[in-house]
Amino acid sequence: MFLTNEKKKHSTWQGTFYTRKWNDQIPVVYFEKLYGGKPLLKKINQLALQKNIIFNSSMVNENNSAAWQSAGWKVLEKLNVLSLNLKSLEQPDKKIEDVEVFTDRKIPEVLKLDQNIFDSYWQNSSAAFKETIDSCVHNYLFIQKANHDTAGYGILGITRNYGFLQRFGIVKKYQNTGLGKELLEKIVIFSKQKKLFNVRLNTQTQNKHAQSLYLNNGFVYTKTNFLILATSNHK
């Protein structure tokens, strides 16, 4: 009922929400609340205990998490939001290669890359990538090469004049070789050439290596943080 490949909408008197598989690697249900308060969250937590199903939330603003925790959910992950102001950067005269519009047909390629980049929990699903595409007006896929090998990728979403670095990673065997910095620089140059005002991204608080990469390349912390919460039966 809940572990579906695509998002499924549910409506009860307590509220309305979406569910799907978190990804193809772990048996966790992705839970996205559309409408409803503490009664809905309490019901889902009780359902998780009754059916032995683990629900993990979509990103929840840290300032709005009190109702979740009082309903029995617990904080699983914290994500910091970082931002890069592009207005003060010079317009670079450099052609960016290995970039194309990100469409559904590229999803199998990046799914395969995900398996060599991220731990199982953080790998995306086909449905999650489709949601990524739908979340912005324009989406661009950047491929990082190491000689003739594909070493990583990034996905930049653009809506109006704002960029969102929605996905970014380097294959594990190529990490700590400078390729992440090279890929990030390409994305920043491309963003400036597109006349964007800024680029934002989310990163795990405990991922100090990624945070250092962003901070060393001009990104700064914003006042916004997000949480991923789990039902109380999460171990």
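**Exercise 1. Overall size and surface**

What does the accessible surface of the protein come to, and what percentage of it belongs to carbon and sulfur atoms?

*Solution.* 
Step 1. Know the model. It is a predicted model, where local features need pLDDT of at least 70, side-chain atom pairs count only at pLDDT 80 or more, and totals for chains, interfaces and linings use all residues. Residues are numbered from 1 along each chain as its sequence is written, and side-chain values use heavy atoms, with hydrogens and water left out.

Step 2. Read the surface. The accessible surface is about 12500 Å² (Shrake-Rupley method, 1.4 Å probe; for residues, only the protein chains shown count as cover). Carbon and sulfur atoms hold 49% of this surface.

Step 3. Count the elements. The protein has six helices and twelve strands. Helices (H or I, at least four residues) and strands (E, at least two) are DSSP runs, numbered from the N terminus.

Step 4. Along its principal axes the C-alpha trace spans about 60 × 35 × 30 Å.

Step 5. Look at burial and contacts. Buried residues make up 50% of the 235 residues. Buried means under 20% relative accessible area, exposed over 50%, and partly exposed in between (1.4 Å probe, protein chains only). Take the contacts (heavy atoms within 4.5 Å) between residues at least 6 apart in sequence: 67% of them join residues at least 24 apart.

**Exercise 2. The sides of helix α1**

Find the buried and the exposed residues of α1, and name what covers the buried ones.

*Solution.* 
Step 1. Get the length. Helix α1 (residues 38-51) has 14 residues and reaches 20 Å from its first C-alpha to its last. That is close to the 20 Å expected at 1.5 Å a residue, where the expected span is 1.5 Å times one less than the number of residues.

Step 2. List the buried residues. They are L40, L41, I44, N45, L47 and A48. These residues lie on the same side of α1, because they cover an arc of only 160° around the axis. The arc is that of the directions from the helix axis to the C-beta atoms.

Step 3. The face turned away from the buried side carries the exposed residues L49 and Q50.

Step 4. Find the cover. It includes β1 (8-12), β2 (15-21), β3 (29-36), β4 (55-57) and α2 (66-70).

Step 5. Leave the helix. Just after α1, N52 takes a positive phi of about 55°.

**Exercise 3. The cores and helix α6**

Which residues have the most contacts inside the largest nonpolar core?

*Solution.* 
Step 1. Define the core. A nonpolar core is a set of buried Ala, Val, Leu, Ile, Met, Phe, Trp, Tyr and Cys residues joined through side-chain atoms within 4.5 Å. In soluble globular proteins, nonpolar side chains tend to be buried together.

Step 2. Answer. The largest core has 51 residues, and Y153 and Y214 have the most contacts inside it. Helix α5 (residues 179-193) gives the largest share, seven residues.

Step 3. Follow Y214. Leaving out residues up to four places away in sequence, Y214 touches L82, L165, F168, L184, L201, T203 and F219.

Step 4. In α6 (residues 208-215), A210, Q211, L213 and Y214 are buried. They share the same side of α6, because their arc around the axis is only 155°. K208 and H209 are exposed on the face turned away. The buried residues of α6 pack against β6 (74-85), β10 (162-170), α5, β11 (198-204) and β12 (220-230).

**Exercise 4. Two single residues**

Is H234 buried or exposed?

*Solution.* 
Step 1. Locate H234. It is found in the segment after β12. At 19% relative accessibility, H234 counts as buried.

Step 2. List its partners. H234 touches I54, N56, K74 and L76, not counting residues up to four places away in sequence.

Step 3. Turn to Q206. Its place is in the loop between β11 and α6. With residues up to four places away in sequence left out, Q206 touches E77 and K78.
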